[in-house]
Amino acid sequence: MERRKSSESLQVPNEATPAVLVEHLTKVFQPSLSRQKVPAVVDLSFRVGQGEVYGLIGPNGSGKSTTMKVILGLVQATSGRTEVFGIDSGKVGSRRDVGFLPENPYFYKHMTGRETLEFYGKLCGIHGAQLRERVPELLALVGLESAAGRPIAGYSKGMLQRIGLAQAIVHRPRLVVLDEPTAGVDPRGSRHIRDLILQMKAEGTSVILSSHLLEQVQEVCDRAGIIYKGRMVLEGRLEDLTQLQQQMEYVVEGGPPELAAEIQTLVERAGAKLVSAGHPRTTLEKLFLESTEDKEPATGGTRHD
Ligand SMILES: Nc1ncnc2c1ncn2[C@@H]1O[C@H](COP(=O)(O)OP(=O)(O)O)[C@@H](O)[C@H]1O
Ligand SMILES: [Mg+2]
C-alpha cells in the first residue's frame, strides 16, 4: 500500500515521534453539582511507538475508554496532555490519520454491511472509483463478503465488530484505536479480530487497544499497561511482563495424590520455596490479579456511574 512508505522508512520506531503520547493525564468528571467528582484517569503517562501494538488492560471503570477518548480529542483533559503523531489531541489535524472502533459502535441497522462501509468511506472523503475499490477490499479483509448485502440488523456481535474494524480503517489510518474490540465476541470471532490486528501491525499501522481479555492482549500486543482506578500500576513489554526470571513452572499430568507432597519436600530440601501449585493459568492473568490484589472495591470493580 502506498501509504506505508513513510512508516517503512522509520528504522528505529522508538526514536521517531510516538504514534500516541500521554503525559500526566488526569480527567475528573463532575456529572452534576450535587454529585461527587469522578477521577476517571489520574496522572497517567505512556507512549505508543509507531508501528507498535499497545494494550491498555484493566477492569471495568478503570479509565480505559476515557483515556482513549482524550487521545482522540473527544473528551477534554482536566490536566496533562496527549498527542497523536506529535499533534496535540485538541487540534483537528491530530485526527486525520486515526481510525476508531468505539466500545459500543452504533450502526444504522437498516443499512447493509456494504452500504455501511460506503457511508463511512464517504465521511472520510473517499469517493468514486477509489471507494468502489476500497469497499470490496475491506469486506474481503474482514471476511464479510457473503454477508455484505444483508442489513446490519441481522449481524452477530462478532460480525458487527468486524464491520466496525473495517469502518475504522476505511481511510488507511496510521493509528487505529480499538476500545474492547473483542468484547462479547465468541472465541472464533475473537481469533479473527486478533488476526486482523496482527495484519494491521504487519502493514506498519500503530494500534492502541483496550481489553479485559488478558490472553488476547498477550497474543497481539508488543507492550501493555495495566491501569486500575485511573492509574498505571504496571507497564512493559509483554515478554518482560510475562517472564518471571527467578521462577520455573512445571505442569504435571496424571500423578498420584502423594506426588504433590513429595514435590514440596524435594523443593524445600533444595532450599527453594514452592510458590504455587494448582491448575495453570496465563502468566499475564496472574500478573493482572497480583497487581490489582486487595484493591478491588467492594462492588467488585463494576462501573459506578
Ligand atoms: N461522561 C462521564 N461522566 C461521568 N463519569 C464518567 C463519564 N465517563 C466515564 N465516567 C466514569 O469514569 C470512570 C472510568 O470510566 P471508563 O473510562 O469508561 O472506564 P473503562 O473503559 O476502563 O471501563 C468510571 O468510574 C466511569 O463511571
Ligand atoms: Mg471502557
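Which residue stands opposite Val-177 in strand 7? I looked it up in this predicted model. Phe-100 stands there.

Six of them form an open sheet, in the order 6-7-8-3-9-10. The pairing is mixed. Strand 6 and strand 10 (231-237) are the edges, each pairing on one side only. I noted a twist that averages 15 degrees from one strand to the next. Then I checked strand 6 against strand 7. The two run parallel, and four bridges join them.

**Entry: helix 5 on the sheet**
I found helix 5 packed on the sheet, where it touches strand 6 and strand 7. The direction of helix 5 makes about 165 degrees with that of strand 6. Helix 5 covers residues 157-168, which is 12 residues. I read a reach of 16 Å from its first C-alpha to its last, close to the 16 Å expected.

**Entry: helix 6**
I followed helix 6 next. It lies across strand 3 (53-57), strand 7 and strand 8 (206-211). Helix 6 runs at about 155 degrees to strand 8.

**Entry: the core**
I looked up the largest nonpolar core, which has 63 residues. Val-20, Val-177 and Val-207 touch the most other members. Leaving out residues up to four places away in sequence, Val-207 touches Val-53, Tyr-54, Val-176, Leu-178, Ile-197, Met-200 and Lys-201.

Note on methods
Residues are numbered from 1 along each chain as its sequence is written. Chains are lettered from A and ligands numbered from 1 in the order in which they are written. This is a predicted model: local features need pLDDT of at least 70, side-chain atom pairs count only at pLDDT 80 or more; totals for chains, interfaces and linings use all residues. The expected span of a helix is 1.5 Å times one less than its number of residues. A nonpolar core is a set of buried Ala, Val, Leu, Ile, Met, Phe, Trp, Tyr and Cys residues joined through C-beta atoms within 7 Å. A residue is buried if 20 or more other C-beta atoms lie within 10 Å of its own, exposed if 12 or fewer, and partly exposed in between; C-beta atoms are placed from the backbone. Two residues are in contact if their C-beta atoms, placed from the backbone, lie within 7 Å. Two strands pair if DSSP finds at least two bridges between them. Axes are lines fitted to C-alpha atoms, for helices over the stretch in contact, and angles run from 0 to 180 degrees between N-to-C directions.
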